[in-house]
Amino acid sequence: MKFRKSKDEEPTAPGQVAIRKRSRVPGVMITQFVEEIPEGKSHPDFTRKPIALTIQEGKFGFFKAITTGDPTPTVTWARNNGDISDPERYNVLDDPLTGEHQLQMPNVGVDQADTYKCFANNEFGRAVVTVTLNVIEVGFKKSKAMQESRLEKAVADLKKSLRTRADRQKEERKDGEVDDKFWELLLSADKKDYESICAEYGVTDFRWMLKKLNEKKKEMEEQRSQYVEHLTNLRHIEIKTPGCAEFEFEMALKDPNAKIFLFKDGVLVPFNNETDEKHSLRQVGRKFIFSVHGLNPEDAGLYQVDVEGVNVFSTDFKIPMVDFLVKIQEVKAVERQDAVFECVLSAPLPKISWVGKNASLVPGEKYDITVSEDMLIHRLVVKDCMTVDKGIYAAMAGIKSCNAWLLVDHPGVHFIGGLSDIYAIIGQTAELECKLSRENCDGIWYKDGKEITATDDLKIIKDGAFHKLIITNCTDEDNGKYRFEADGRKTEGILVVEDPPRLNPDDLAKFSEPVIIKVGQNAIFKLDFVGREPTKVQWYNEGEELLEDNHVKIERTSSHSRLLLVKCQRKDSGEIKLKLKNEFGTIEALSRLIVLAYPGPPSTPKVVSAFKNCITLSWISPANTGGTNIVGYNMDKRKRGSNIWGQVNPPDQPIKGKQYDVKDVVEGMEYEFRVSAINFSGAGEPSTPSEFVMARDPKKPPGKIIDLKVTDSTYTSLSLNWTKPKEEEGVQDEAKGYFVELRPAENTEWGRCNSNPLISTSYTILGLKSMAMYWVRVVATNEGGDGEPQDLDNYIIAMPPPVRPNFTDCKMKSFMVVRAENSARININFEASPMPTIIWLKDGMPVSKRVTVSNTDGTSQLLIPSAQRSDTGIYTIIVKNIVGQETFSVEIRVTDDPKPPGPVELEENVPGTLTVSWDSSPDEKRDDHLHYIVMKRDSIKRTWQTIAERLFNNNFTAVNIMPGREYNFRVYAKNDIGLSVPSKSQTWGVVRKKEKFSLNIAPSKPCNFDAAPIFTVPLKTHTSPEKYECYMSCAVRGDPTPYVTWYHNNVSLNTDPNYYICNSCGVCSLLILTVGARNNGEYKVVAENSIGRAECKTQLKIRE
């Protein structure tokens, strides 16, 4: 709950708190001095607050308040601008029993008009309420001379106090800077106010202003669109009644619970929906009305309304610093005279607000509102005062106001009811009437300012207080202004003699009779009329105006009009309207055109019964009767195979009913029939022919069908097959068709699946509900009717035939290696009916939540988005339905590139052998498939040879270690992903002990064996099926030994773990363990040494 902070807060005693409390009585502000009030005690409050008072000067006035509180509060009174210590002007009365307190003012003066406060205090708190006293000043209008002297003095004093415009200092601002308030005002202002706002803020570049304003409007609309759907009818703040200003707008919020904030000069202002608070909001539908009560100069400023922090409306409230030097005074006026209220302001103001009897007054026939050239003297003239004009009138200038009474006297005779303007048709009687306040008073009648007397056509009648002027047989000369005067009073009224279009009643009755014609004939409508010219003549057909063309001819004169419709058709039928209009009125005449045509075709005849000597048929009347009644029908018949129709009924004897027995038939012959309708225009088009019917006695219904069975079924359909029933002469005849009937198990009624009989002995029922239970039967039928139905032996369920689960993919993998952090995916295809239940297990337990399983019709997929080593295991799918179940298991091994083994050590225990040992790879404990490979190279062959594979321990004994050679060893760790980086040993060498041998060799010439690489055995073209191994090899020679690199589609394979590459003694080989589509393409071997380079290419084709 929000409470408004008062302008001047009352100080509290040391140690006291100030807690705002809300009273049940609106407008009362309570301040509590303690955190908790003892039980049985209470802070002060008002059960009745003083009521605002408007009173005439010199009268007795008082404020009354009733308080509550324990202990009993002390009540004091105060006023904002002055004190109440004068005992002659203020009396304070207190009644301790009732808690009633009064502030009395015996003789109210103008200077006592103010805002008063009533305080109620006890030790637990304080309650405050404010009330306004308005005093109506009287006695000003003593004489015209005094009034003029006071006005002159007020104007002179005003001119002395005014500053010239040249003396005013404009607020300085830097070049190029515009106050933000300027844009906020423009965003909510009307275009007509742009110029004045720019002038106020010193903006002269209107083109720049409009461009910048459009940009800001787009930005503001984008922000508003988040919360506001609709914003219109923005009305800026203005003072509506004394002491209250309002502004309003219509707004539709997207969220009705959106928060609305009110700011004044950028400071948040609390408000509520109580009208006696300082700021209030009243919402009526989409209209939001904000009010500011108890106006004072501090209320001027920029008011802004925000919705959820977005500005929707800004308005600048300017309060002119002006007061009344001379207030309006009480005016006494005689009825029918004008009353004048006049006031003088302390500063020029182009316009003030006038209020009469709580309603705003505007210039018009009743009121004149004027202002002097110096904009200081403002005047309100109430014209032609009547009793109803009596009341209080007020003038408002800014937040200042003054008011006074208007009193209306009724001297002598007066009019209770005056003359009214009347309208009369030429040749008829007109009557003007008025009523006086007394019966014993005569008067005089005037026309256009000239006195009139009674004649044969002009009668003057006095009936008590009523005075009448009756004009018989009005003519154009009777037009004018009529006045009645009595005892100096007068009333006026205008008589207008009109000459509108008129019709003779007999002619109108004759015109209203419908015109009936046949198709192709002409229709004529004619009507005489009288009335002042010019008269506009218009003809309509079914509300659509007719214009002259080849089909429509219109004749117009000053006394009649004639309409000719040429060669009418059925579509021309409808309402015909003649509309006559001149300056005095409009008249219409209605008729109807009926165009008769041949009737439309009846419905197709249906066979009611058929015998060997009589066939009975029936039909339905045509929807189009041709505009008249159907008088009969003609029937034709035609034999099968013939092109000639023959009439059944005699030509001069139409069929009266809609059923007929045809007896002129031959037994065993087939006939078809058609019918045509007859109206007064003749016979219309025939109907479509009936079905062929044979003239023979009725047949017997067929028997039951034989061997009804289900041939196929799905979740939404069912296929049936059966054998036609047997014929038994005299018992059951041949079946001509079949109806398939279906009944859901929960229903008791059968429904037919086909509307027309089936010719074939098979049918598929569609649109079944999956797994629903149905009963099915088939009924044979022929011309004799339906036979007995044949049911299936048992109910059926909408589902395919039962199928035991079976996996349909013959190439399913049972082992899968997945690199860690990659996704693992298993797709399983199956067939089963009905829809099976699918369960996935990991090592015999349900899979974890991080594993996603997707099942569709015939497919199940298991997905591990980011595989971890812990996901390694055997995954089993169980597909199960009512027929059986099937399982399949896939081992998924999640691993990564193996880490290399530890340091390699060499030890010779037996001559000629060497024990190679190494530390385990860090992955050995996590990967039970990890093993080791040992390779050797000696100083003679200089190529690496594999000497041990699939080692699951950490040592190996190498044999055939020759003395005098150096040996190097490598140990690889290998798993399902590939090889690790090798761990290398130190070079091992055994020195051979040799005896001294000397040989004298003649000096020889040095030989150079260096040679560029050359392929002695090239690669061959390979064709391999998928998932098989592929082995490629070639031989290369060169010195120094060339370095060999393998390429697939120009991509190096030497570091690819998916290929096994070996180079031994010049033989280069490449092994692809499992060939796939990705391996298809060109393979190339490049051999390089310091002398040169050679390459060899081949192609690998994958056979599906």
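Visitor: At 33% relative accessibility, what does I797 count as?
Guide: Buried means under 20% relative accessible area, exposed means over 50%, and partly exposed is in between, with a 1.4 Å probe and protein chains only. At 33%, I797 therefore counts as partly exposed.

Visitor: What should I know about the model and its numbering?
Guide: Residues are numbered from 1 along each chain as its sequence is written, and side-chain values use heavy atoms, leaving out hydrogens and water. This is a predicted model, where local features need pLDDT of at least 70, side-chain atom pairs count only at pLDDT 80 or more, and totals for chains, interfaces and linings use all residues.

Visitor: Where is I797 placed, and about how many Å² does its nonpolar surface patch have?
Guide: Strand 61 (residues 796–797) holds I797; strands (E, at least two residues) and helices (H or I, at least four) are DSSP runs numbered from the N terminus. Patch members have over 30% relative accessible area and no salt bridge, with nonpolar side chains (Val, Leu, Ile, Met, Phe, Trp, Tyr) joined within 5 Å and like charges within 9 Å. Areas come from Shrake-Rupley with a 1.4 Å probe, only the protein chains shown counting as cover for residues, and a salt bridge is a Lys or Arg side-chain nitrogen within 4 Å of an Asp or Glu carboxyl oxygen. I797 makes its patch with M771, M773 and Y795, at about 330 Å².

Visitor: What does R1078 count as at 61% relative accessibility?
Guide: R1078 lies in the loop between strand 85 (1067–1072) and strand 86 (1081–1088). Since its relative accessibility is 61%, R1078 counts as exposed.

Visitor: Which residues does V1044 touch, leaving out those up to four places away in sequence?
Guide: V1044 is in strand 82 (residues 1043–1048), and at 8% relative accessibility it counts as buried. Contact means heavy atoms within 4.5 Å. On that count, its partners are V1036, N1054, N1063, C1068, V1085, V1086 and A1087.

Visitor: What is the peptide bond from D1039 to P1040?
Guide: P1040 is found in the loop between strand 81 (1030–1039) and strand 82. With omega near 0°, the bond from D1039 to P1040 is cis.

Visitor: About what value does the positive phi of R950 have?
Guide: R950 belongs to strand 74 (residues 945–951) and is exposed, with a relative accessible area of 54%. Although R950 is not a glycine, its phi is positive, at about 50°.
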